Amino acid sequence: MEKVLVLIPAYNEGTRIAAVVKRVQGVVPDYDILVVNDGSSDNTAEEAAVAGARVVSHPFNMGYGVAIQTGYKYAHAEGYDFIAQIDGDGQHDPVYIPRLLEPVIKGKTDFAIGSRFLEVDSYEPSLARRIGMAFFRKIVSYITSTRITDSTSGYQAFSRDVIRFFTTEVFPCDYPDADMLITLHLAGFRIMELPVRMYSNVEGKSMHSGLKPFYYIFKMLLSIFVTLLRKRNSIGR
Amino acid sequence: MPIRQEIFAILVCIGVVIFIIDLVRRRRLREEYSVLWLATSAIMFFLVVKYEWLEALTAFIGAGLPTTTLFIFAIIFLMLISVQFSTKISKLTNQVKDLAQDNALLRSEIEHFRRRGGSGLSDSEEG
């Protein structure tokens, strides 16, 4: 039987992480669950451990991208065949984990990404965010020749080869989304998008607040540009 | 160039060289970061002593005055130093990230073994 890890990055999710872990256990009771606590100042680590997850805690906060890469390094070291990844804030409905994993386990794709725009029940992001998402999904879809509707989604499932690939320095730890998909495509991995349900963040906590959206747009455009400039063999598997 | 200006410029160059070498001697500055400072001081020194070189360079880059040329090269030098620092900080950031990730993974493994009672590690051994 395949060895699957459900990876949940979390930062100050002490009030919600236990419920997320329990819901994942209810959907996929046979899979191991890893919570990467990204230097939370609350009791996220304790709550996750009590709920039954294995916990890896960063000594200080390093951001979402570094947290998920720590999970990939853990999965790689422990010899997991597949990873399913969901956010720790409860936005991602764990019911879709088996559906995301299925094409990856069957070898139909290397990387499955969940899209909130293919599922009618999902929440609608703000107008500004939707415009930004539409802009980057056009770029990603054009470069990868694959229809991508939600390039910023953190709801993903992927294979051992992608896990190993993401443990290297090619993984963009600073906002890993559109440029990560392009890097995967250039490295020869197959990408598939599937519908998932996402809920709105009830506490309104977002990694895209203040001046961050401007930095995000700049960083993403620069990252996509230099990724395309790099020789394919420098980002090969 | 007036003799007072020339003496002042030479003294500044010599002072910077002595200061940088002393920092390296006291291990307060690594050799790799002293290169740009020493090279710039040497270039400034020769441009001041060989004033005709400075005039030729001024004519070459189209500057109005030789002192303008010195200022331009001083700014270029500061930019190079800043870029060198930025690349070093980027490298250090990656190294800190990797170390923190390794630290987190190892700590998790130690705690996991402790809970299972199979490690034989004590607090003092973990350090």
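Tutor: A salt bridge is a side-chain nitrogen of Lys or Arg within 4 Å of a carboxyl oxygen of Asp or Glu. The model is predicted, and local features need pLDDT of at least 70, side-chain atom pairs 80 or more. Residues are numbered from 1 along each chain, and chains are lettered from A.

Student: Why is the meeting of A:Lys73 and B:Asp98 called a salt bridge?

Tutor: Their side chains lie 3.2 Å apart, N to O, which is within 4 Å, so the pair qualifies. The rule finds one salt bridge across the interface of chain B and chain A.

Student: What makes up the area buried between chain B and chain A?

Tutor: Buried area is the accessible area (1.4 Å probe) that two parts lose on being put together, summed over both. Here it is about 1000 Å², 61% of it on carbon and sulfur atoms. B:Lys97, B:Gln101 and B:Leu105 supply 45% of chain B's share, more than any other three residues.

Student: Why are α3(B) and α4(B) called roughly perpendicular?

Tutor: Helix α3 (residues 51–61) and helix α4 (residues 66–116) of chain B pack at an angle of about 80 degrees, their axes 9 Å apart. Angles of 65 to 115 degrees count as roughly perpendicular, so α3(B) is roughly perpendicular to α4(B).

Student: What is listed for residues 89–116 of chain B, and how much of that stretch is helix?

Tutor: An unreviewed UniProt entry lists "coiled-coil region" there, and such annotations may be inferred rather than shown by experiment. In the model, residues 89–116 of chain B are 100% helix and 0% strand, where helices are DSSP runs (H or I) of at least four residues and strands (E) of at least two.

Note on methods: Heavy atoms only, no water. Axes fitted to C-alpha atoms, helices over the stretch in contact; angles between N-to-C directions. Parallel < 35°, antiparallel > 145°, perpendicular 65-115°, else oblique.
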